[in-house]
Amino acid sequence: MSDKYYITTPIYYPSGKWHLGTCYTTVICDAIARFKRMQGKDVFYLTGTDEHGQKIEKVAAEHNTPTKQYIDKVVGDLKDLWKLLDISYDKFIRTTDDYHEKAVQKIFTKLYEQGDIYKSSYEGLYCTPCESFWTESQLVDGKCPDCGRPVELMKEESYFFRLSKYQDRLIKLLEENTDFLQPATRQKEMINNFLKPGLQDLCVSRTSFQWGVQVPFDPKHVVYVWIDALTNYITALGYGSENEELFKKYWPADLHMIGKEIVRFHSIIWPAILMALDLPLPKKVYGHGWLMLDSDKISKSKGNIIDPFLLSERYSVDAVRYYLLREIPFGQDGMYSNKAFLSRINSDLVNDLGNLVSRTTAMVEQYFGGTIPAPQTATEFDTSLIEVATGALDKMSANVDNLLIPEAIDNIWAIIRRANKYIDETCPWILAKDEEKRGTLATVMYNLCESIRFANVLLQAFLTGCPAKIFEKLGIADKSLMTFDSIKTFGAKINGLKVAKGEALFKRIDIEKELKELDKIAQANQKAAQQKKEDKKMQENVINISEITIEDFAKIALRVGKVLAAEKVEKADKLLKLTVDLGEEKTRTIVSGIAKWYTPEDMVGKSIVVVSNLKPVKLRGILSEGMILCASDDNDNLSIVAPISDIKTGSEVR
């Protein structure tokens, strides 16, 4: 068996705020990587970000920020999240890294020169958020089948990869190598929905935007996501560079872990590219389900963000990791709810694990002065406890190999549950009352401490905070007692070690109280998001007067108005609702974000300048029929623009 293990997550697209759904794949891969390292494997764990494309260019422009500067901030936030969650990746690749871009250009050129890439033109239905072209038949209700958003017809000159050339080989791959793509439902989907209906050649360059890797022999083209992003799995190892030692050592990948929405790219397009490059294929591609909220995928684009920073700070990193690893049936969609999350903490981490450790260390302190005793007189319940503990590692290894992660964790909890039952069976508090049972009590206390050690050794692959605390509570500092080798037999020399009960590992949560607090936080976040959305709408209505012609200026209708009434907009700290006379038959309603600087009383009777021909827009459910002109400076001072002398209401400003 090879001692190397190469595992990858998909590289994430930095187009907005990170959320709990983002963490799902990465935490799972981290747990697998940690487990394999403890097995003695030479592990290389890769993650990173996919940073090119039209969507990124567009989002950065919306933020009025240079594209790379925008990406650097978002990627920095992601790295902070991975640091918080103790993600033990060996390399973080960014597709804007110089070495990657150079390798992509070499790969593109190689495929072009050998005839696997050719130049033509493309016309198709394109979804910008998903960076995907679709046929009419693939749309759902006329919209993108992945994200449900509108598509647009696009036509441009492009380079194409001869994907159709590899159709038969891909069908053979998926039909004969049933281990390549898991779970099995994904195999059937790819074969029946994409391969057998017939593959079309793949557009692999774009000219409609510039944020990407230039095609070296045709600079007006940028390399599209398929050749750019997918090849990260080999360029991260040095493929296409002067030093390919890591590539030679770790490729092919043992596991590509991905979300089900990108299975097509990783099980059809990526293998075809590798076939064209005459490279080995990854051993396994696994397309897991989504983390759902109220039956809808958690997604920044859908606005149903669950903040992992907040959950980690409020309830601990271990609680977040445990929920993601334990709660969701792997390979299927999982449903997140605050109640389920908090209930898992109380039931598993507080009641099962925390109470076992707390009760055991407390009894060792009470009955043996804090020193773990040596086992003496056996009980009728010892054999069952020991069998569960010593059998867990093999069961876990099989479960991890088969990517049954919740089941793997349940092997640990089997020890914890059995140990808790062992306490009820042996009743140490009764044994302690009978001096003749002192030897039996010593055995019970030793067996409990040793069982906790077994569970905790295994737990190190999944949780990254509490295992160290548990070893400390047991007085275990010897690293050799923290390895998989140390739990192959029951009976390590832990007697004589001093325990320390200390603080509880996890605090019990008042679930109803916490649900109310989380609801308050969610409402506040929704309010802030709504305010941000409205601010953006208002900004979009601001006229950009740089470098316009006199004809452009002539399109703007500026008129003098008088404020007849003003009031604050409910639940909007920045907005005032103004009733304005523009010398027309009817007054107008204008919503303006000036409440920080002007009260309603300040505004009544004022003459103002209004952009009167802006398209009306709804803000907080109020139709705003214009925009008042203001001036502001770098010190956050704002002043309304107004005539310096009386002038007739409705007069044109020119």
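**Phe-454 and Phe-490.** I looked up these two first: both Phe-454 and Phe-490 are buried (under 20% relative accessible area with a 1.4 Å probe, protein chains only; exposed is over 50%, partly exposed in between). I note that this is a predicted model, where local features need pLDDT of at least 70, side-chain atom pairs count only at pLDDT 80 or more, and totals for chains, interfaces and linings use all residues. Residues are numbered from 1 along each chain as its sequence is written, and side-chain values use heavy atoms, leaving out hydrogens and water.

**Aromatic pairs.** I find 26 aromatic pairs in the structure (ring centres of Phe, Tyr or Trp, its six-membered ring, within 6.5 Å; planes under 30 degrees apart are stacked, over 60 edge-to-face, the rest tilted). Trp-251 and Trp-270 make an edge-to-face pair, 6.2 Å centre to centre with 70° between the planes. I see Trp-270 in helix 10 and Trp-251 in the loop between helix 9 (245-250) and strand 11 (255-259), 19 residues apart (helices, H or I of at least four residues, and strands, E of at least two, are DSSP runs numbered from the N terminus). Trp-251 is buried at 7% relative accessible area, and Trp-270 is buried at 0%.

Back to Phe-454 and Phe-490: their pair is tilted, 5.4 Å centre to centre and 40° between the planes. Phe-454 is in helix 17 (residues 438-459) and Phe-490 in the loop between helix 18 (466-473) and helix 19 (511-540), so the pair ties together parts 36 residues apart in sequence.

**Cluster.** I also found Trp-251 and Trp-270 in one aromatic cluster, with members including Tyr-6, Phe-44 and Tyr-233.
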